[in-house]
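Work through the exercises below with the model open beside you. Try each task before reading its solution.

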Amino acid sequence: MNTKENNEEVKGNMHDITCSHCGHVNPPGTQLCQSCGKMINENYDKKKIKDLMRYDGSAVRSKVKSKSIFDKIWNFFTSIKVGVGIIAIIAIAAAIGTILPQEYFIPIGADPLEHYTEQYGTFGMLYYKLGFTQLYSSWWFVLLNGLLALSIIAASVDRGVPLYKSLKNQRAKKHDSFFRRQRLNNNYDNVSKAPEIVKSFENKKYKLTQDGNHYLLEKGRLSRWGPYINHTGLIILLIGSMLRFFPGVYVDEVIYAQEGETVSVPTTNGKYYVKNEGFTLDTYDEESGTVFDESLQNNMEMTISNFQTDITFYENQTADVVGSSPELEEVDKYSIRVNHPYVFEDYQLYQSSYDNSQMKSMTFRLEDSEGNTLGDNFTVELDDPEDSYQITEDVSIDMRAYAPDFLEIDDNGTLITATPVPTNPAFVFEVDDGEKQELSLLQIMNSTDITQDNEYNIRFVEAEDHMASVLTLKKDLAMPYMAAGFIIFLIGLFIGSYINHRRIWINAEGDTMNIAAHTNKNYYGMKKEMNTILESYEFEGMKDKEEEESNSKG
């Protein structure tokens with residue numbers, strides 16, 4: 001059938017169709033009479049006869065309506081090709097997002113552009129500038145998911161409505177041509193056993209619909225709704241994933257808290273605070289007598305057994321008062337360990353990692369030219385260093401310059417720091433003994449005299465590191481929707497895969513008993529079930545049209 005004939009057929013099907021056999025008025029586009037099952041459109045492609053039973057010949061809207069703009073839009077989204085195309089684009093986009101790590105996985109505090117450029121060169125820079133480092137939260141990726149959901153909804157409605165109508169309005173009485181078209185069919189001269197045969201099928205859990213001597217036996221109708229249950233699950237899953245992009249629905253934030261530090265919990269508008277009371281890092285002992293001893297001895301690095309943060313959780317009583325200072329009230333104390341988060345409201349606070357790269361303090365001693373230590377050691381608190389340190393009654397040390405993360409010395413002699421974080425501190429100390437002043441530049445494990453012929457030397461003794469805890473704050477109100485969608489999808493998959501929709505029509509009117517059967521899958525199993533019952537009444541088994549055609553060709 002060419003395109004012109006197809007168009008003429010569509011135009012001809014835009015009006016109600018009256019069955020020439022039973023007089024039933026069918027809606028536009030119907031191929032089988034909804035009352036008697038007779039073929040209405042005799043010009044229908046004979047190769048598509050099997051498709052007629054998908055909706056029992058009922059019209060699918062997208063196949064018969066294409067006049068208005070709405071019809072064209074509807075037909076576009078109900079197209080299987082369009083749906084597959086959207087899925088393909090989403091799959092390709094998702095694959096692109098896995099080429100390089102997303103921004104979530106880069107080091108905390110790192111500049112994304114610099115990180116991707118340094119690690120992956122020009123390709124990394126382009127990858128970042130094209131927005132692929134935040135691909136799964138981009139507006140166009142969300143839009144693709146929305147279009148896929150719309151396509152699934154449209155296709156489900158387009159095909160689900162005629163399926164529902166056809167199954168709801170099934171008739172037991174069918175035209176003779178309907179019996180001949182079914183793959184499983186046979187004729188018998190004896191009609192007296194029809195009620196007994198029907199009863200046997202009822203005992204097999206078939207539901208009976210009767211119109212005089214015409215019988216319809218059906219079971220497993222739920223199977224036909226398996227794909228639509230799948231679609232429902234996918235739609236809920238997609239909606240859940242898109243809900244994550246609405247503010248307050250999905251939170252995945254990092255909290256960095258040093259020991260003793262109290263910080264506000266992000267996204268709670270200052271309502272909650274958390275204090276890092278102490279960080280604990282435990283390692284495996286090589287001589288602990290456990291089964292891990294041998295592997296620990298072969299491992300040159302430290303093997304961590306547990307790290308946890310002891311927190312105090314506070315609620316700010318003045319969070320609703322604009323401009324007020326926080327008034328914290330203790331709510332709870334808890335030890336956050338890996339896979340043991342602290343839970344409050346809809347949030348979970350996880351132990352993510354730790355950071356000991358920052359220095360907390362450095363201790364020095366002062367020596368004279370002969371190497372003798374003068375006075376007591378002095379400690380510089382790097383977060384808030386003092387301006388002066390008294391070593392003896394006569395000698396003091398003044399801090400003239402400090403760079404937390406020393407980069408270089410400027411032309412004017414000032415110290416330049418790369419960052420405000422104390423990871424590579426440098427100092428300019430002035431030693432004053434009341435008679436003269438000496439300047440020294442000190443870096444980690446290094447000392448340089450600035451003035452000539454210094455009598456005093458400042459020596460590094462030890463350093464103490466900050467132990468900072470890295471916590472992850474999570475909130476996901478969309479997860480229940482996504483979990484429900486996934487479960488519904490699996491239920492639909494099970495129903496569609498393991499349940500068969502079986503229908504048997506028996507016409508015992510007159511001297512001949514006609515039997516025909518149809519199933520959406522597993523004709524072999526259905527034929528075997530029917531033959532078991534028919535042969536028990538000494539009837540010949542059902543004929544399989546496809547088997548006969550295959551044997552004749554062979």
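**Exercise 1. A loop residue**

In which loop is E538 found? State whether E538 is buried or exposed.

*Solution.* E538 is found in the loop between α13 and β26 (543–544). Helices here are DSSP runs of H or I with at least four residues, strands are runs of E with at least two, and both are numbered from the N terminus. At 76% relative accessibility, E538 counts as exposed. The cut-offs are under 20% relative accessible area for buried, over 50% for exposed, and partly exposed in between, with a 1.4 Å probe and protein chains only. E538 is not a glycine, yet its phi is positive, about 60°.

A word on the source: this is a predicted model, in which local features need pLDDT of at least 70 and side-chain atom pairs count only at pLDDT 80 or more, while totals for chains, interfaces and linings use all residues. Residues are numbered from 1 along each chain as its sequence is written, and side-chain values use heavy atoms, with hydrogens and water left out.

**Exercise 2. The whole protein**

How many helices and strands are there in the protein? What share of its residues count as buried?

*Solution.* Count the elements: 14 helices and 26 strands. Then the burial: 40% of the 554 residues count as buried. Then the contacts, meaning heavy atoms within 4.5 Å. Among contacts between residues at least 6 apart in sequence, 61% join residues at least 24 apart.

**Exercise 3. Strand β5 and its partners**

Find the strands that β5 pairs with, then explain how enclosed β5 is.

*Solution.* Two strands pair if DSSP finds at least two bridges between them.

1. Strand β4 (residues 207–211) pairs with β5 in the antiparallel sense, over five bridges. L208 has L217 of β5 as its bridge partner.
2. The hairpin of β4 and β5 has two residues between the strands, and G212 there takes a positive phi near 65°.
3. Strand β24 (residues 502–507) is joined to β5 by six bridges, and the two run antiparallel. Here E218 stands opposite R503 in β24.
4. Five of the six residues of β5 (residues 214–219) are buried, so this strand is largely enclosed by the rest of the structure.

**Exercise 4. Two helix pairs**

Describe how α9 crosses α13 and how α5 crosses α7.

*Solution.* Two packed helices are described by the angle between their axes and the distance between the axes. Axes are lines fitted to C-alpha atoms, for helices over the stretch in contact, and angles run from 0 to 180 degrees between N-to-C directions.

First pair. Helix α9 (residues 194–203) and helix α13 (residues 523–536) have axes that come within 10 Å and cross at roughly 140°. That makes α9 oblique to α13. The classes are under 35 degrees for roughly parallel, over 145 for roughly antiparallel, 65 to 115 for roughly perpendicular, and the rest oblique. I197, S200 and F201 of α9 meet M530, I533 and L534 of α13.

Second pair. The axes of helix α5 (residues 80–96) and helix α7 (residues 139–168) come within 10 Å and cross at roughly 155°. α5 and α7 are therefore roughly antiparallel to each other. The contact residues include I86 and I90 of α5 and L144 and L148 of α7.

**Exercise 5. Two open sheets**

Give the strand order of the three-stranded open sheet and of the five-stranded one.

*Solution.* The open sheet of three strands has the order β14-β13-β22, with antiparallel pairing. β14 (373–381) and β22 (457–465) stand at the edges with a single partner strand each, so one side of each is left without a neighbour in the sheet. The twist averages 20° from one strand to the next. Six bridges join strand β13 (residues 359–367) to β14, and S361 stands opposite E381 in β14.

The open sheet of five strands runs β15-β16-β19-β20-β21, again with antiparallel pairing. Its edge strands are β15 (388–390) and β21 (446–449), each pairing on one side only. Strand β19 (residues 426–432) and strand β20 (residues 437–443) pair over seven bridges. A426 has Q443 in β20 as its bridge partner.
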